[in-house]
Amino acid sequence: MDFPSYYLDHLAGGRLIIGLIATLHVLINHPLAVGAYPLLTWMEWWAHKNNRPDVDHLAYRITFVVFIVTTTVGAMTGVGIWLSTSLFAPFAIGSLLRVFFWGWFSEWLVFISEVALIMWWFLTWKKADTPEKKRKHIKIGVALSIMSWLTMALIVAVLGFMMKPGEWNQTRAFWDAMTNPLYLPQLGFRTFFALMTGSVFLWFASFFFTKKKSALNPDPRGLREWIVYRLSHVVLISLLGTFLFGTWYWNAVPETMKANSSVALLTQEFMNWHGQFQTLLGWTIIAFLVVGIGGLGSSFMIPRWALLIPSFMGIWLLGHFERAREFMRKPWVIGEYMYSNGVHKDELAFLQSEGLLKHATYVKHREITEANKAECGQDIFMLACSRCHSTTGLNGVIEKFTAMYGADKPWDSAGMQLFIKGMHQTRTFMPPFPGTDAEAGALVAYLQQLRANPQTLPGAQSAGIVIAPETTKPAMTAAAQPKR
Amino acid sequence: MNALLANTPIPRDLPLPLPVPEWVLVVCLVVFFLVHILFVNLMVGGSVFVVIAEWMGLKNKRWDALAHEIAQTVTVNKSLAVVMGIGPLLCINLLYTMQWYSANALTGHAWLLIVPLVIVAFLLTYLHKYTWDTWTSGGKKTLHQLIGIAAMLLFFFIPLIFLANVNLMMFPSEWEKVRGFFSSLSIGNVLPRYLHFMAASIAMTGLFLAGWFGRKNADLSHLDAFTRPELRRLFYKVCAYVTLGQFVLGPLLLFTLPSVGITTQVYVIIFSGAAVGLLTVLVLFGELKRDDTRIGSRYWLIVALFSFVVLGMGSGRHVYREAALAGHKAAIKDRTERYAAAVAEFNKNLAAAPAPAEQSAEQLFMNCAACHAPNVKLVGPPLTEIAQIYAGNPDGIVTWAKAPGKKRPELPQMPPMIHLGEANLRKLAELMLEKGAAAK
């Protein structure tokens, strides 16, 4: 990649940060926004129709929590995905923004309306004191529910787009993403998952707001029974949807995976993931089923802590689900177009022939010599490996080679060099090494040095950048290249 | 166009065209950015007003009530500031891909810190707002004030991170000197820009609040110790005097700008903006002289004049950036094109070259050699051992290589080699047996 490399050595290059921010965002967005808004709107409507101020007040108090969380952590983690991706994979986000501009632009418009609507809805709640005003107020809730679902529907298209194999780089069209075979099952799964976890969130929150008698809440016990009985229904219905769409997704994944994988084979890790997803989906559904059925019986059958079990299962399932997308993308960051280290498919052979160092901007040397070999290797590591691997930390290269070559004996440099050149064929989730033989050798020299003397590799954010002058020779083509 | 210094990095751009014509993005960038910065101004300035008014409220309760009312606007404006920031961020990412992401990376830790810092600042503003009526006296009130101050200080710091990036991206010849966020502050003229921004925040919030509390249907029931004209006058005054101060801070910013982007056009635009600004200040002071019945009648005229000033400054700022980066952008374009041409030429020759001859068993063995050596155990068993197990049974090796299992607990599992094809695997198996026998 031709950007200064932001790099956090201890955190697998820092990718973990994107994952952390994104996971937090999804965990707030799904239950609290997509799931909770329609349920809360429905409560407000029901309270209005049946003249139940206690139900309205309960909806208001839960909305307060939702409002605070979504407009702070929710909104900022959404922006945070973008800010962190800009640091760790500017080549990918930069390319996606150029291709998917209209998707992102409409996403922005929907997001503006979502933020405006949640503020309007919550902040005017208590001002809607006549039936006409209340009816208008409920409509704001409906609009908000639609907009927050639409935000998700759009972003799922963007996510699907990154995996669409082959086609988009010929047509580069927005609608390609929508026809991705994973789009509908993914959207359906997320929608019902959001409703399912959203109801459990409302249920959980209602424990805290139905404790004491007050003027607005004359019968807390009755109110809790009212809400738990209804939420149980939502849990049971959305559970069915989650299961059906989850299974559809589970069945659709291997097809897409096969299409993505250049050698048409499912790697062992993927098989693991696939099996685990099935098990997790099953157990999560059972956990929600138990809670849902229990809630149908009596609101007091399910204690507060018991709601945490399906919630944690849900978090686990969703985390696992999100990892699949990451995994299936490999070795691409944008399917059949750009590898996860930022190398384009169509420049790979060129770089393998000409060398990475010659065409990179932020490197110390352009020619490898015996003296600068390890230094060159470090730059090559930064260019070709650092977007996924750390040196000695999480997902570290030293750890990987130790697993292969042993901890207690010297590593065979020639073997390592051969391995690096061919690893994408045996480990199909790895991008091909995008440099010359000499550069693979320099990388091995760096790795050997790193093994002997483990040192944290600093990124451009602390070490700054070095710019070797561009080689003065004009770029050579294959035909003009002299035989070595 | 300015000549580029030798140590200016000229990276290769992403080989994708802009999705919309460049001028559309430029218009969007300038306009959306001004909308964004307006709400940022109201958020930052509002937090200052809240802190000061709450402190004054210790002596006279009416200021406390005013602070509370202002605090209600801050929490709304802060959400709009975030959401309206996405559009300009989208545009700047597209228009200045190579400069913007590079500046982000060079100030990386601070850039990433934006996320938690903004979350904390927002949570503090909510805490401040929703505890107003409960934490009213003694230590609790002090704590309440401290929360307001903490939120304000965070709002002071966060814009500095954005400013550092917006500034750093314009001076690629300086990038080599940068060692993290704090060192980036010494490049360009961050401090004068920051002061100009802070003053604008106060002035704009003054103008906003004069209109907000001064509007006909404003609910002033919580502010019964103030009259509407009194509030109008108060906030007009803040706006007028701080804007007057901008006639010192503005030139300070302009004359400390690195000369690289200064053109006649920049001066013309900025000075025209300043001229309208002067007119605006005159109208503002004229308004202040009016009596209570008439103050505020020129509000929308003042807003319109300010809009022209801000549009002028925003455009001037863009013209400066374009001029400062003209050479860099041209050099990047040139390098990107040269690179693309070289790649295309290479790929053309590659496609024209005769298909590679069938690989010999020795060449294919490269796929195995990283793990299997003649007689030492590397990652997998040595060839001698393999030759022993599969003596006279090359098909056994082929079957295994197509779908390997896990036999040895101490070694990693072998990945499948089915992609090499049955015929190649067969050739390899024979070679392995041969090599294994020879190495004994």
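Into which domains is chain B divided? Domain 1 covers 19–188, domain 2 covers 225–353, and domain 3 covers 361–439. Before I go on, please keep in mind that this is a predicted model.

Staying with the domains of chain B for a moment, I have one distance to report. The C-alpha centres of domain 2 of chain B and domain 3 of chain B are 69 Å apart.

Chain A has its own assignment, with domain 1 at 9–339 and domain 2 at 345–463. For these two domains of chain A, the C-alpha centres lie 39 Å apart. Domain 1 of chain A puts 19 residues into the contact, and domain 2 of chain A puts in 17 residues. On the domain 1 side, the residues that touch domain 2 of chain A are 10 nonpolar, five polar and four charged.

Next, the contact between the chains. How many residues of chain B are in contact with chain A? The count is 66 residues of chain B, against 69 residues of chain A. Several helices of chain B each supply at least two residues to the side that touches chain A: α2 (61–95), α3 (97–106), α4 (108–130), α10 (299–352) and α12 (366–369). The largest share comes from α4(B), with 11 residues. By class, this side of chain B has 45 nonpolar residues, 16 polar ones and five charged ones.

One of those helices, α3(B), deserves a separate word. Is α3(B) mostly covered or mostly open? Mostly covered: 10 of its 10 residues are buried. The list runs B:T97, B:M98, B:Q99, B:W100, B:Y101, B:S102, B:A103, B:N104, B:A105 and B:L106. So that you can check the term, buried here means that 20 or more other C-beta atoms lie within 10 Å of the residue's own.

Last item, a helix pair in chain B. Two packed helices are described by the angle between their axes and the distance between the axes. The pair is α7, residues 190–214, and α8, residues 228–256, both of chain B; their axes come within 8 Å and cross at roughly 160 degrees. As for handedness, α7(B) passes α8(B) in a left-handed crossing. The contact of α7(B) with α8(B) has 18 nonpolar, eight polar and three charged residues.

That is the end of my notes.

Conventions: Residues numbered from 1 in each chain as written. Chains lettered and ligands numbered in written order. Predicted model: local features only at pLDDT ≥ 70, side-chain atom pairs only at ≥ 80, totals over all residues. Axes fitted to C-alpha atoms, helices over the stretch in contact; angles between N-to-C directions. Helix = DSSP H or I, 4+ residues; strand = E, 2+ residues; numbered from the N terminus. Left-handed = near helix turned anticlockwise from the far one by under 90°. Nonpolar A, V, L, I, M, F, W, Y, C, P; charged D, E, K, R; others polar. Domains from an automatic or database assignment. Contact = placed C-beta atoms within 7 Å. Buried ≥ 20, exposed ≤ 12 C-beta atoms within 10 Å, placed from the backbone.
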